[in-house]
Amino acid sequence: KPAQTLSPFTENLGKVIQSFRNNYYEVQGELLSSVEDVDTYRCSVSIPGSKRSVIYRFHSREDTTAGWQASMYSGDNYNAAVKSYKETCRLVSKGKFNIQGNAAAGFSGKTEMPEGTLRFVSSAYKLTTKDPAYKHFYAEVELVNLTFDQWEVHLNLQNKKVDNEDEEEGE
């Protein structure tokens, strides 16, 4: 049986997901900025469709974690932003990713649909794997209205503990 061919989006996102295990150091590029408690680095793996991807490395007393973010859309067209948001949600929720050679893991969650009056909407997807390193690992897609006519779509990968365990279990 021939090996399944991964889409470039799934293949490259899988590389970033794998690098989470080592706090994204394998995909960390040059330092872009350093402000108080966070350094921003270019990510050496690009996700098809993204404008840029970065790693945020936090170094405060309380937080020494890192997070990854890809900018999937930035512009003044609300309909284009919604299209990008929905497509990014679809790609994340349908993707299958190999985690340390284990069986393919995927993301599960509910896609929240944007409504015209909302300035922000996000959908969170939990990685379904038995690997304990990824117990609280989420992909989050967000559509953000920064100013009156400026929209952005972000794809975030991060460890995220849910305050309410019922929220984590119930979708």
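**Burial, for a start.** I call a residue buried under 20% relative accessible area, exposed over 50%, and partly exposed in between, with a 1.4 Å probe and protein chains only. By that rule, 42% of the 171 residues of the protein count as buried.

**Ground rules.** I'm working on a predicted model, where local features need pLDDT of at least 70 and side-chain atom pairs count only at pLDDT 80 or more, while totals for chains, interfaces and linings use all residues. Residues are numbered from 1 along each chain as its sequence is written, and side-chain values use heavy atoms, with hydrogens and water left out.

**Layout.** I took helices (H or I, at least four residues) and strands (E, at least two) as DSSP runs, numbered from the N terminus. The protein has three helices and nine strands. Read from the N terminus, the order is α-β-β-β-β-α-β-β-β-β-β-α.

**Surface and contacts.** I get an accessible surface of about 10000 Å² for the protein, with 48% of it belonging to carbon and sulfur atoms. These areas come from the Shrake-Rupley method with a 1.4 Å probe; for residues, only the protein chains shown count as cover. Next I listed contacts, meaning heavy atoms within 4.5 Å. Among the contacts with a separation of 6 or more, 45% are between residues 24 or more positions apart.

**Strand E4.** How enclosed is E4 by the rest of the structure? Largely, because nine of its 10 residues are buried. I then looked at its partners, where two strands pair if DSSP finds at least two bridges between them. E4 pairs with strand E3 (residues 52–58) in the antiparallel sense, over six bridges. On that side, tyrosine 56 is opposite glycine 67 of E4. E4 also pairs with strand E9 (residues 150–159), again antiparallel, over seven bridges. There, glycine 75 faces tryptophan 151 of E9.

**Serine 71.** This one sits in E4, which spans residues 66–75. Is serine 71 buried or exposed? It counts as buried because its relative accessibility is 12%. Leaving out residues up to four places away in sequence, serine 71 touches Ser50, Lys51, Arg52, Val153 and His154.

**Aspartate 39.** I found aspartate 39 in strand E2 (residues 38–43). It is buried but has no salt bridge. My salt-bridge test asks for a side-chain nitrogen of Lys or Arg within 4 Å of a carboxyl oxygen of Asp or Glu. Which side chain of opposite charge is nearest to aspartate 39? Arginine 57 is, at 6.7 Å. For charge, Lys and Arg count as positive and Asp and Glu as negative, while His and the chain ends are not counted.

What aspartate 39 does have is a side-chain polar contact of 3.3 Å with histidine 59. A polar contact here is a pair of N or O atoms within 3.5 Å; within protein, one must be able to donate a hydrogen and the other to accept it, and residues adjacent in sequence count only if both atoms are side-chain atoms. Beyond its neighbours within four places in sequence, aspartate 39 is in contact with Leu31, Ser33, Ser34, Ile55, Tyr56, Arg57 and His59.

**Salt bridges.** How many does a search of the whole structure find? I get four. One of them joins arginine 21 and aspartate 131, with the closest N and O atoms 2.1 Å apart. This pair links distant parts of the chain, 110 residues apart: arginine 21 is in the loop between helix H1 (8–20) and strand E1 (28–35), and aspartate 131 is in the loop between strand E7 (120–128) and strand E8 (137–147). Arginine 21 is partly exposed at 29% relative accessibility, whereas aspartate 131 is buried at 10%.

I also noted the salt bridge between the side chains of glutamate 30 and arginine 42, 3.4 Å from N to O. Glutamate 30 is in strand E1 and arginine 42 in strand E2, so the pair ties together parts 12 residues apart in sequence. Glutamate 30 is partly exposed at 48%, and arginine 42 is partly exposed at 38%.

Lysine 110 and glutamate 112 form a salt bridge too, with the closest N and O atoms 3.7 Å apart. Lysine 110 comes out partly exposed at 46%, and so does glutamate 112 at 32%.

Glutamine 18 lies in helix H1 and is partly exposed, with a relative accessible area of 24%. From glutamine 18 to asparagine 98 I get 8.0 Å, C-alpha to C-alpha, for residues 80 apart in sequence.
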